[in-house]
Amino acid sequence: MLNIKQVTKVYSNQKKAVDALDLEIKQGEIFGFIGPNGAGKTTTLKMITGIIAPTSGEITIDGHSIRTDAVAAKRSFTFVPDHPEIYDAIKGIDYLNFIADMYDVSKEVRKERIEKFTKQFQIDDALTQPVNSYSHGMRQKLMICGALLPKPKMFILDEPHVGLDPHSAKVLKDLMKEHCEEGGTVLFSSHVLEVVENLCDRVAIIHKGKLIALGTPEEIKQDRTVTLEDIFLEMTKDE
Ligand SMILES: Nc1ncnc2c1ncn2[C@@H]1O[C@H](COP(=O)(O)OP(=O)(O)OP(=O)(O)O)[C@@H](O)[C@H]1O
Ligand SMILES: [Mg+2]
């Protein structure tokens, strides 16, 4: 579903944020991308979604290169960035209808899905209010609802659990599972190791731009009797 080959990003200040990253994400899996602050998670997700270009390397989504076939690649995923920035003079419902229009979601399907997602996230009552009256968490939930609306093949989220209360975090977790059960793929970055451990089919740990571990949470733990958190802290501690 997603293929990342030898991807490197060097920013204009010569900072190498991602270093020869190879990663393959299969259809139907929930994939957790974890690493400490500054590890290169957001940079990687921005390259996958075509927001920034890699310095070198190739990325394909659903068989389409994000560089040479960007429109087709972009049809196959939706992305929730770490900062929920929405034109905030519009109402929540107008934002969702805008997304549904862009992705050609029929009137009946959008009605049913908007109702379902916004009720689960308890923002249904706020939909007729302008987004500038929403709290940070409400904006984030509105963006997640929008990103789920087109039922994308791949659902990509950067640090989605930051800023969500426990109820909303559980709703998101259930929606991710449901998305995969229906044949979709989920990729998200996180610091919340319990979420990753209990939710993900596979996990990659990135540190200083390099992949340092990849596998199921069980494989990463192997037969060590420690938590993923212990391994994460051990692997990413500064020498
Ligand atoms: N636009 C930029 N210009 C220069 N350096 C950048 C830029 N954006 C990020 N970096 C650097 O690249 C490295 C990776 O940053 P990135 O935002 O990808 O990390 P992250 O894993 O998402 O961290 P966090 O957990 O804090 O969100 C950091 O050292 C950061 O300072
Ligand atoms: Mg980040």
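Trainee: What is the phi of Asp104, which follows H3?
Mentor: This is a predicted model, where local features need pLDDT of at least 70, side-chain atom pairs count only at pLDDT 80 or more, and totals for chains, interfaces and linings use all residues. Residues are numbered from 1 along each chain as written, chains are lettered from A and ligands numbered from 1 in written order. A helix is a DSSP run (H or I, at least four residues), numbered from the N terminus. After H3 comes Asp104, with a positive phi, near 60°.

Trainee: Within what arc do the buried residues of H3 fall?
Mentor: Helix H3 (residues 92–102) has Gly92, Tyr95, Leu96, Ile99 and Ala100 buried (20 or more other C-beta atoms within 10 Å; exposed is 12 or fewer, partly exposed in between; C-beta atoms are placed from the backbone). They line one face of H3, because the directions from the helix axis to their C-beta atoms span an arc of 135°.

Trainee: Which helices are included in what covers these buried residues of H3?
Mentor: On the other side of H3, Asp101 and Met102 are exposed. The cover, by contact (C-beta atoms within 7 Å), includes helix H4 (107–120) and helix H5 (136–148).

Trainee: Which helix gives the most to the shell around ligand 1?
Mentor: The residues surrounding ligand 1 include Lys41, Thr42 and Thr43 (C-beta atom within 6 Å of the ligand). With 3 residues of the shell, the largest contributor is helix H1 (residues 41–48).

Trainee: What separation do the C-alpha atoms of Glu197 and Tyr95 have?
Mentor: Glu197 sits in helix H7 (residues 193–199) and is partly exposed, because it has 19 C-beta neighbours inside 10 Å. Tyr95 is 102 residues from Glu197 along the chain, and their C-alpha atoms are separated by 33 Å.

Note on methods. Helices (H or I, at least four residues) and strands (E, at least two) are DSSP runs, numbered from the N terminus. Two residues are in contact if their C-beta atoms, placed from the backbone, lie within 7 Å.
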